Amino acid sequence: MTAITLIPQLLNGLQYGMLLFLLAAGLTLVLGIMSYVNLAHGSLYMVGAYCAAVVFDHTGSFLLAVAGAVAGAAMAGALIEQLIASRLYQRDHVEHVLASFGMVLLLNELARTVWGPQPLFLTVPKALGGTIDIFGIQYSAYRFAIVVLGLAVLVGSHYLIHGTRAGMLVRAGASNPRMVGALGINIKVLNGALFTFGAALAGLAGGIAAPIVSVQLGMGENILILTLVVIVVGGIGSIKGSFYGALIVGLIDTLGRSFLPLILRETMNRELANAAGPALASMLVYVVMAVILAFRPKGLFPARG
Amino acid sequence: MGAAYGQVKVGFITPQSGPAAVVGQDQLDGFNLAMEQLKGRLGGQPATVIAEDDQAKPDLGNQIIKKLIEREKVDAVVGLSFSNVMMAMLKPIVDSGIPAISTNAATSVVAGPGCAANFFSVAWQNDGPAEAAGKYVNDGGYKRVFMLAPNYQAGKDMFAGFKRYYKTAVLDEVYTQVGQTDYSAEIAQLQAAKPDAVFVFYPGAAGINFVKQFSQAGLNGKIPMFSAFTIDGTSLPSLRDAANGAITGASWDASMDNPQNKKFVADFKAKYKRIPSQFAAAGFDAAMLLDAAVKKAGPDYADKKKLAAAIKSAGSEFKSVRGAFRFNNNNMPIHNYYVFKVENATAANPVQTVGLALENHSDAYARQCPLK
Amino acid sequence: MTSLSLKARAACLLGLVALLALPVLASLTGETFYISMASRILIFGIAASALNLVFGYGGLVSLGHALFLGIGAYSVAIPSFYGIGNGFVHLGICLVACAAVGAMTAAISLRTSGIGFIMITLAFAQMGYFAFMSLKQYGGDDGTPISATSRFGALDLGSSIHLYYAIVTVLLATIVGMYWLRRSSFGMVLRGARQNARRASALGFDVKRTQWLAYILSATTCGIAGMLFANLNAFASPSLMSWFISSELIVMVVLGGVGTVLGPVLGAIAFIGAEELAKAVTLHWAAYIGLAVIVVAVWARNGLVGSMASWASKPVKVQA
């Protein structure tokens, strides 16, 4: 374990964490403020990635592709909110689970019908295709850009929630929707806007991830699980919490995968280490989550005390 | 053409939805293309194909095979896509004696101790492509090989297959998580180890993810990448230039130069507007094989044992798009394994044959199969 | 509602007769496939009922119940791997393993609540999934074929007819058990805790202990379903522990009616049955099923049982 491998792995963990943060931020807001469990969030990520690939195919511009991703996912989110989610806010969480389960099935099949089973193509823009120098290490410029973007979203959403009137209304709506309504604010519009914003963030994540992962059916499911882990670790409803949660999950997952097998090899024979290492590395994130929840059942930085 | 003596019913089981759909789609398209060319007949007899979607779920595969055998009363089943789904379908197949032709998976179990007289693979035995890559890398004099694969049975089998023919000790064998999308950590590890070659097994989405990220890290062209089941017709369209220079071990590629293959690739491109993958080729071959077998069995085609025997001997007679083909004692293919290189992913003919790795190759498990 | 209306009783009786007669009818008409399809549906009915105990009665949403399906399945697969086909051994291992894992995971999970509970149960299922995936000698991801199916003396679960009646027996026992539990003091505490845990505690009941015991019971019942499943498929694989299956179980319970006795079974029948029907009709069946699930979530508030209850409670018109 030298500095040569540690620093790139730290950066990798950071970057992976940022991607998870983009997804988690949208999900935690919707869950924390409207108390709506949106398991279709991963599908919105998929919609974003598909829109990015399609726009890129037609224009060749990465920026337009990302804009397309955000727009596409936001529109899908708005539609879902209007037709389905808004009717379920007052209901039990499990009814949200049921509805979003149905959404996942529907969206996957729609994607297959429209775009076919073949994965789509999108590549890193030339401008970010090279490497940059960090502490003497050559690191992918694109992945570094993801880290920067994540920080920008963190700062931006913090300002949005705590520094603007809209953000104040959102926070008020979370504590006491009726009062907000009585003060003449249309809570329905507020909720719709918030849901759409969460969907837009998911779409952004999809657009950003599309050049480096496979854009295909069901791509949202696996990352959704990790996103749920992030918001639970970070604390529901808290953007700050999902940021730290994402960092923790990203770092533990990345560092665990790289170094756990190596560490195991010091203590046991190679055969056993090769068998146990990856299995333990896969479980590590869940073990850590379970430990954190055992001591802090509401996560590290819950929105409400 | 003799009198029609019956209706041949074939069940076709592959994943048609979810992430694995792209593989299932190719197999079905290849099979359907052949059926079209055979004018909807197998062995001259009118044929019905019942296509089912196993969604790459073993438990569904088990249910579907029972439905096809007991309710639809099919004469043969084709497809059986992924290893874990195939294994779930094995017992009903063996118990019923129904002739089954795999166009994808053939695990070491079914090639060795679990072999059956009615289970065939017209595609390959799972280890083959890795063995071919291993031989080529061995002969190429590479001394520092770094290996990566997902942490499941097939990954372990691929490493075993590679090492069967690559005699030097490998630098490292890294198992990644199943379903992992981000390989930056492993690629960083790889770079630190300074290998002179990399061998990977990443089917499906994982392959696209890995190759994209490998290329993005600037390693494409710097470290030769050898692989099995990672880069093929289903992933090239979404990889494009990121795949350039990659070398694959396989028993078939669209670039192969024999008359059947040239016609098949041209017909496939004309009908489906894309280059066929090895899965499509296997689907096509399966139909042609069945056609020859039903013809051979004659009016006895409805007798499962006789059809199975006919399939076995038809293996040496039908014209496979890959060239030389016959069945081994364990009903696995004996065929050549080549090494292919992606020269220019966006060209009309992206891949070139680089060499013949293993000639008339038998899999390593044939001896463990009691069949003759 | 302790007494069933005339319509409801008639419906239950009809259902029971249909269940018992199915294999006979299927064999007579030569459509033996329906025995295995029905077996599969009823096994999910058992698993969903088991989940209903902690989820419906207890209000604890477990997104990790598939773990016990998997453990149950491997309790058959692993002994079979070593040639042991004795059903009592399989059952013993299943009960002990599920109870132990259930006890351990519940002890930790019950320290959290709400979303935390959901996620921790999911985490445990994922851990089980990854653990079994890496067990090479039992096939790992490829799964293990089961050659020695469970034999209980003359009863061989490898035979589809024996298995079907075994499943029906277990299902009926589960339904009766759930009905009885619902009205027992144990069940009352559990259900009371769902509504207001603090009040239940204040009344002197040990809420955590009740929930813990309920979870263990639920886990072992689910494990038995897994055991039956392994015998049905003669196969076990880690994919049985996937979170997707855990989600499907939740969907079945909610579809049928959370906290009702027959809900989960009806939910299983409806969900899988609708899937099969849709698959026969269109390639895009997943979209229609998804749509149907959404519709039920939004408009059929109390699930199928709720809708049927309103149908059943309408009085039968009798000519005076």
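A: **Where chain A meets chain C**

In this predicted model, 34 residues of chain A are in contact with 32 residues of chain C. On chain A, four helices each supply at least two residues of the side that touches chain C: H3 (62-88), H4 (93-115), H9 (219-234) and H11 (270-295). H4(A) gives the largest share of that side, with 14 residues. By class, the side of chain A that touches chain C holds 26 nonpolar residues, 4 polar ones and 4 charged ones.

Now the chain that carries this surface. Chain A has 11 helices and 2 strands. Read from the N terminus, its elements run α-α-α-α-β-β-α-α-α-α-α-α-α. Along its principal axes, the C-alpha trace of chain A spans about 65 × 50 × 35 Å. Of the 305 residues in chain A, 58% count as buried. Now take the contacts in chain A with a separation of 6 or more: residues 24 or more positions apart account for 77% of them.

**Contact within a chain: chain B**

Across the boundary, 15 residues of domain 1 of chain B are in contact with 12 residues of domain 2 of chain B. Helix H1 (21-37) and helix H11 (278-297) of chain B each supply at least two residues of the domain 1 side. That side of domain 1 of chain B has 10 nonpolar, 4 polar and 1 charged residues.

**A sheet in chain B**

Next, the strands. In chain B, 6 strands form an open sheet with mixed pairing, in the order E2-E3-E1-E4-E5-E6. E2 and strand E6 (119-121) of chain B are the edge strands, and each pairs on one side only.

Strand E2 (residues 41-42) of chain B and E3(B) pair in the antiparallel sense over 2 bridges. Arg41(B) stands opposite Pro46(B), which belongs to E3(B). The hairpin of E2(B) and E3(B) has 2 residues between the strands, and Gly43(B) takes a positive phi near 65° there.

Strand E1 (residues 8-14) of chain B pairs with strand E3 (residues 45-53) of chain B in the parallel sense, over 7 bridges. Here Val8(B) has Ala47(B) in E3(B) as its bridge partner.

Strand E4 (residues 76-79) of chain B and strand E5 (residues 100-102) of chain B run parallel and are joined by 3 bridges. Gly79(B) has Ser102(B) in E5(B) as its bridge partner.

Back to the part you asked about. The side of chain A that touches chain C draws on helices H3, H4, H9 and H11 of chain A. H4(A) supplies the largest share, and 26 residues of that side are nonpolar.

Terms used: Residues numbered from 1 in each chain as written. Chains lettered and ligands numbered in written order. Predicted model: local features only at pLDDT ≥ 70, side-chain atom pairs only at ≥ 80, totals over all residues. Contact = placed C-beta atoms within 7 Å. Nonpolar A, V, L, I, M, F, W, Y, C, P; charged D, E, K, R; others polar. Pairing = 2+ DSSP bridges. Buried ≥ 20, exposed ≤ 12 C-beta atoms within 10 Å, placed from the backbone.
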